[in-house]
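Hi there,

Here is the structure I promised to pass on to you.

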Amino acid sequence: MFLALDAGGTSSRALVLDTSGRAHGYGRAGSGNPTAAGIRDAVNAIGVAAERALAGATGSSRPTSALIAMAGEKTPLFREQVSDRLAALGVRRVVLEHDLLGIFHSGTAALDGYALIAGTGTVAARIRGGRLDRVVGGRGWLLGDAGGGFWIGHAVARTAVAALDGQGQDTALTSLFLEATGIAADTTTLAGRAEAVRQLVSALYARPPVSLAEFAPLAFAAHEDQLARSILVGASAALADLLSAVRAPDLSGPVVVGGSIIVQGMIAAPPSLQAELVPPIRDNPVIPVSDGLVGAAVLVLRHAGREVGEDLLQTIQAEVARVIAAQA
């Protein structure tokens with residue numbers, strides 16, 4: 001029996017499974033990213049998710065090994081605290097892996113290929129022999145993350161404000177943005193538009209900058225608008241550049257993608273929009289995954305010496321879907 005965990009910026013998910021890929025317990029808790037949530041809260045979320053997964057596992061056999069596919073910095077203090085937290089649950093060995101490996105191995109049994117995550121932020125990796133060979137991106141909203149949720153949401157906000165104060169073209173994003181921020185204003189008059197800008201400036205500067213990622217879905221909702229469409233095409237181009245930075249001429253393989261911007265946004269976009277998107281969304285075959293929990297399960301079994309081929313991967317995927325649906 002093994003414990004697999006996917007600790008992300010939004011939530012942490014835990015799975016108890018055996019070597020056949022059968023799931024025996026599932027648990028979910030808050031953010032397990034120590035960089036975003038802080039070490040104490042991240043360790044607590046991981047521990048709670050593990051406890052909930054273990055509570056669903058019956059029988060005398062209990063996991064003594066765990067693997068965490070995680071975002072955020074793996075500092076010595078975090079390693080110590082998360083190991084102590086899981087040791088209290090009987091888990092003596094804890095392995096920490098990058099969330100990119102969790103994403104990649106959630107979508108394919110191959111050992112070579114590429115992973116691309118575009119959620120709030122963006123990061124890409126080249127996978128060789130099942131391990132990270134090169135990672136580009138993940139520098140956060142201030143220094144990078146082009147094409148991600150913050151990047152798109154920031155562009156939406158700037159576009160809407162520019163239209164309101166007369167420095168930009170009229171756009172469907174304006175009304176959507178005002179509605180999303182709860183600001184009612186008469187935008188048919190100069191005074192009304194000026195008041196809307198005043199309220200927006202006050203409201204947005206009172207929020208954490210990265211929260212602008214919440215407005216990224218507005219670009220997809222208004223994809224027929226010229227300015228919204230240009231934002232999305234620009235985001236797709238930025239993701240293509242990110243992926244090209246990790247590509248190697250001697251390495252082929254699948255491109256596994258995760259994150260809401262790609263999975264719920266670009267891949268799910270109407271055909272009329274997809275026709276304008278640039279690689280990797282349009283020209284490269286991609287495998288979308290919802291998170292890295294399946295990959296964490298694959299990795300914990302491989303660390304234990306179990307070979308994981310396509311059949312076992314599909315079993316794990318089906319088992320994860322089953323236990324998640326059972327708790328829905």
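Below are some notes on a few of the helices.

Please keep in mind that this is a predicted model.

Let me begin with helix 2, which covers residues 39–55. Its 17 residues should span 24 Å at 1.5 Å a residue, and the end C-alpha atoms are 24 Å apart, which agrees. The buried residues of helix 2 include Ala42, Val43, Ala45, Ile46 and Leu54. These buried residues pack against several elements, among them strand 1 (2–7), strand 4 (65–70), helix 1 (34–37) and helix 3.

The axes of helix 2 and helix 3 come within 10 Å and cross at roughly 30°. An angle under 35 degrees counts as roughly parallel, so helix 2 is roughly parallel to helix 3. Their crossing is right-handed. On the helix 2 side, the residues that meet helix 3 include Ile39, Arg40, Asn44 and Glu51, while helix 3 brings Leu77, Phe78, Gln81, Val82, Arg85 and Leu86. By class, this contact has ten nonpolar, three polar and three charged residues.

Now on to helix 5 (residues 149–164). At 1.5 Å a residue, its 16 residues should span 22 Å; the end C-alpha atoms are 23 Å apart, which agrees. Of those 16 residues, 13 are buried, so helix 5 is largely enclosed by the rest of the structure. Gly166 follows helix 5 and has a positive phi, near 85°.

Methods: Residues are numbered from 1 along each chain as its sequence is written. This is a predicted model: local features need pLDDT of at least 70, side-chain atom pairs count only at pLDDT 80 or more; totals for chains, interfaces and linings use all residues. Side-chain values use heavy atoms; hydrogens and water are left out. Axes are lines fitted to C-alpha atoms, for helices over the stretch in contact, and angles run from 0 to 180 degrees between N-to-C directions. Helices (H or I, at least four residues) and strands (E, at least two) are DSSP runs, numbered from the N terminus. Angles under 35 degrees count as roughly parallel, over 145 as roughly antiparallel, 65 to 115 as roughly perpendicular and the rest as oblique. A crossing is left-handed if the near helix is turned anticlockwise from the far one by less than a right angle, and right-handed if clockwise. Contact means heavy atoms within 4.5 Å. Ala, Val, Leu, Ile, Met, Phe, Trp, Tyr, Cys and Pro count as nonpolar, Asp, Glu, Lys and Arg as charged, and the others, Gly among them, as polar. The expected span of a helix is 1.5 Å times one less than its number of residues. Buried means under 20% relative accessible area, exposed over 50%, partly exposed in between (1.4 Å probe, protein chains only).
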